[in-house]
Amino acid sequence: MSGLAPEETRSPLPALGDGARNVLEIAHGVGGAFAGMFLASAGFAVTRVVSPAVGAQPDGFSPAEYGDVGPVAARFLNERKQALRYDPADAAARGRLVQAVRAADLLIEQLTLDERSALGDEYAEAVADRPDLVVVTITPFGTGGPQSGAAATELVIDAAGGWLQHIGDPERGPIRPPGHQSEVMGGLAAVMSGVASLIVADRTGAGEAIDVALRECVTWFQMNPTTVYAYSGSVGHRTGGASDVNYPQGVFECANGLVGINVLYYVEWFRFCDLMGREDWKTDPRLETPLLRYENRALIDEELLPWLAARTAPEIYAAGQAHKLPFGMVNGPRELLESEQLRARRFWRTASMSDGTEIVLPEMPAVYTTTDQGAER
Amino acid sequence: MTPTPATPNLQPSALAVGPLAGIRVVDLTMAWAGPMVTRVLAQLGADVVKIEAAGKMDRWRGGTFVQRGTERYPDHEPTDQPWNRNAYFNTQNVNKRSLVLDLKSPEGHEIVLDLVRQADVVTENFAFGAMRRLGLAYDQIAPLRTGLVMLSMPGFGSSGPERGYIAHGPTIEQLAGNAYLQGYTDGPPQASGRLAWGDPVAGMTGAALLIMALWRRHATGFGCHIDLAQLEAGVLFNFDSVLGAVNGGQVPPRRGTGHATLAPHGTYRCAGDDRYLALACRGAADWRAIREVVAADALQAADLESDDARHAAAELIDKEISEWARPRDAFEAARELQRRGVPASVVLNAADLLADEQLADRGYFLDVSHPQAGRHQYAGLPWQYASDPAWWREVRPAPCFGEHNGQVLAELGLPPARIAQLAADGVIADHPARQGD
């Protein structure tokens with residue numbers, strides 16, 4: 001189905017050996033599971049607590065907002081992990097959970113109040129008994145503050161984080177980013193903060209409790225709008241997917257669909273002039289800066305739009321990149337599987353579902369060369 | 001409600017310094033993705049020396065003359081040194097030091113090699129091939145320092161037929177599928193506008209990979225080169241949508257603000273200028289609360305208890321909620337729904353965020369005084385420590401251009417006369433050549 005040859009797999013990182021610390025993941029959502037997945041890929045020994053009581057099912061998550069996470073995505077999130085089945089009514093299972101806490105070096109929690117209660121006092125006591133443990137807690141708004149208990153889904157997190165304000169058309173309401181991106185951010189923040197503190201814990205025996213707020217991840221992801229407001233009082237708005245301080249930048253129509261035209265920086269503007277055969281634009285004062293090019297974009301459109309209409313997206317992509325311009329294809333998910341670039345990098349690999357069905361999964365987004373084992377590819 | 005976290009009984013001095021204190025970073029990145037990585041390292045205590053060139057300073061300094069309007073400058077005043085007053089640069093580069101160095105000169109090359117000899121980490125986000133031309137590719141510099149960790153962040157990675165292609169954040173968003181998946185239900189793919197989506201995606205991913213590599217170095221003593229392809233990081237951010245589609249499932253439709261299984265799930269116009277309420281219904285309990293608040297006859301009469309029924313009637317429900325929300329204050333509407341346990345929030349803008357009581361209570365924004373930009377609040381990192389260490393709050397401003405030239409070179413053992421000669425020869429500088437961004 002995938003068309004991937006068996007040998008098309010990316011070399012893994014060499015094993016951590018004695019450095020493979022234990023991670024305990026108790027998470028009802030994508031964020032905690034994504035963190036566990038990243039850590040497992042790097043050689044950490046990740047144990048995932050599986051129980052309806054904590055919202056973590058063998059093939060997904062209980063909370064309704066994760067109902068769109070399909071079985072292949074769940075398989076991806078949970079591979080390379082050990083499962084620890086937990087039942088609050090089973091004393092032996094509770095004992096195994098306590099043992100897992102005692103063995104853990106890094107604990108990643110993403111739980112509601114009820115889910116925490118289901119873990120029992122023995123669990124909390126076992127954690128409290130470990131001053132060397134690094135605990136990362138992922139919640140929508142953080143565990144402290146007046147809104148720490150606010151109800152949330154990712155739509156609300158994205159709204160409260162200031163992201164929705166910027167996506168969509170100016171004359172219409174906001175739209176939200178696809179998928180579970182704020183959760184992915186939370187998972188990455190858990191990795192950054194948790195592993196950094198793990199280094200300290202390993203050296204000194206001093207653990208830490210870290211409180212990751214998904215809403216703050218979203219605000220950090222955008223980063224600039226709040227500083228711009230603090231500096232000049234300017235509030236950003238939706239711009240319909242284009243830039244309102246630069247041109248051309250965004251998705252444009254071409255002969256067979258859509259293509260990304262991005263001319264962001266000074267040197268790129270000169271390259272774009274060369275591509276369009278408009279040497280005169282390089283010295284045209286109406287087009288001197290990105291903002292002037294936006295304000296006078298009709299001048300550019302006179303040349304650009306017919307040029308795009310006469311060419312296909314692959315032709316435009318190739319022509320732009322031949323001029324070192326950051327043009328892009330507007331890929332859908334299936335085009336990604338066909339990407340020669342991703343295949344050459346062995347980004348995709350085959351795996352099997354529990355029923356034997358062959359599936360395609362991605363690698364981590366990096367290729368490593370290590371000093372201990374030399375070049376790996 | 002959010003639970004109090006399970007907390008180990010920590011010693012008060014658990015983190016007297018940042019967890020990465022002692023880590024030295026040679027930072028050759030610019031703009032967003034790379035500097036976001038090194039900002040994380042810097043705020044966790046690493047010593048980050050940011051290297052720019054007089055003729056090619058970090059693009060986020062915004063050039064030597066105004067490029068994209070004045071909103072990025074304090075009080076809309078670029079002054080005669082706009083490169084030290086740009087909001088974008090000053091947000092991204094807190095806690096770093098600045099060295100302006102001509103890497104193409106023999107003297108500059110030797111200096112950067114000396115820095116590498118003392119470094120633990122080198123970061124770069126040049127286009128593929130640039131580091132080798134500078135003599136700074138991993139195989140060229142790894143022998144200088146045992147256990148060196150290096151992060152490279154070319155758009156497409158350092159291998160494959162498109163490795164030489166150029167990409168910025170918007171390119172990555174288009175190529176990785178985010179623009180395709182994002183949009184109104186009745187509309188075409190939509191990019192993220194001013195938000196160069198691919199940049200923070202790669203920045204967050206790169207920071208996580210790099211810190212994991214530092215763990216590996218800590219545990220094994222071995223360094224590594226991380227060849228992070230920004231395109232691949234972008235694909236992972238939408239792993240759920242992509243994996244369904246490439247494994248025989250449907251390509252998810254563009255949903256606007258909708259959700260595959262939940263309804264209602266959207267944004268609703270309220271009173272005021274561009275004010276919207278975001279609201280999500282997770283199930284029957286939320287629905288009953290929403291119905292009580294909205295109190296529309298059409299919603300009372302209909303049998304909408306099940307998720308499937310509400311999904312089928314989403315248009316009717318959205319119409320009724322829209323009519324209810326339109327005259328209301330968005331903040332009051334959100335509070336009313338939250339009081340009943342329904343996920344709801346105003347669609348906040350930058351001004352709202354800076355005034356937000358939750359963010360203020362958590363100390364999310366960093367209060368930083370910059371010598372040329374003044375005192376402002378900057379977005380912090382998205383976590384807090386139970387030990388509330390002082391170093392987490394004590395943040396230095398982003399460096400002015402070449403601010404630490406003398407300091408960094410003196411630490412390498414260069415005497416003042418030699419440093420003065422390097423300045424006279426243009427190998428180091430504290431003023432950029434005229435340039436755009």
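These are my notebook entries on what I looked up in this predicted model.

**Entry 1: where the chains meet**

I started with the contact between the two chains. I found 152 residues of chain A touching 152 residues of chain B. Which helix of chain A gives the largest share of that side? It's α7, residues 181-204, with 15 residues. I also sorted chain A's side by residue type: 83 are nonpolar, 52 polar and 17 charged.

**Entry 2: strands across the chains**

Next I looked for strands that pair between the chains. Strand β8 of chain A (residues 208-213) is joined to strand β12 of chain B (residues 383-385) by three bridges. I noted that the two strands run antiparallel. Who stands opposite V212(A)? I looked across to β12(B) and wrote down W383(B).

Inside chain A, helix α1 (residues 30-41) packs on α7(A), with the axes 7 Å apart and an angle of about 50°. Why do I call the pair oblique? Roughly parallel needs an angle under 35 degrees and roughly perpendicular starts at 65, so an angle between those two counts as oblique. That's how α1(A) comes out oblique to α7(A). I put the crossing down as right-handed.

Then I listed who makes the contact. From α1(A) I have V30(A), G31(A), G32(A), F34(A), A35(A), F38(A) and L39(A). From α7(A) I have E183(A), V184(A), G186(A), G187(A), A190(A) and V191(A). By type, I get eight nonpolar residues, four polar and one charged.

**Entry 3: domains of chain B**

I checked how chain B is divided up. Its domain assignment has domain 1 as 24-237 + 365-424, and domain 2 as 265-348. I read 43 Å between the centres of these two domains of chain B, taken over C-alpha atoms.

A reminder to myself: most peptide bonds are trans, and most residues other than glycine have a negative phi.

- In chain A, the bond joining Y247(A) and P248(A) is cis, with omega about -5°. I found P248(A) in the loop between α9 (224-232) and β9 (249-254).
- In chain B, the bond from A263(B) to P264(B) is cis too, with omega near 0°. P264(B) sits in the loop between α10 (239-246) and β7 (265-269).
- What did I find for the phi of T79(B)? It's positive, near 60°, and this residue isn't a glycine. T79(B) is in the loop between β2 (47-52) and α2 (87-92) of chain B.

Methods. Residues are numbered from 1 along each chain as its sequence is written. Chains are lettered from A and ligands numbered from 1 in the order in which they are written. This is a predicted model: local features need pLDDT of at least 70, side-chain atom pairs count only at pLDDT 80 or more; totals for chains, interfaces and linings use all residues. Two residues are in contact if their C-beta atoms, placed from the backbone, lie within 7 Å. Helices (H or I, at least four residues) and strands (E, at least two) are DSSP runs, numbered from the N terminus. Ala, Val, Leu, Ile, Met, Phe, Trp, Tyr, Cys and Pro count as nonpolar, Asp, Glu, Lys and Arg as charged, and the others, Gly among them, as polar. Two strands pair if DSSP finds at least two bridges between them. Domain bounds come from an automatic or database domain assignment. Axes are lines fitted to C-alpha atoms, for helices over the stretch in contact, and angles run from 0 to 180 degrees between N-to-C directions. Angles under 35 degrees count as roughly parallel, over 145 as roughly antiparallel, 65 to 115 as roughly perpendicular and the rest as oblique. A crossing is left-handed if the near helix is turned anticlockwise from the far one by less than a right angle, and right-handed if clockwise.
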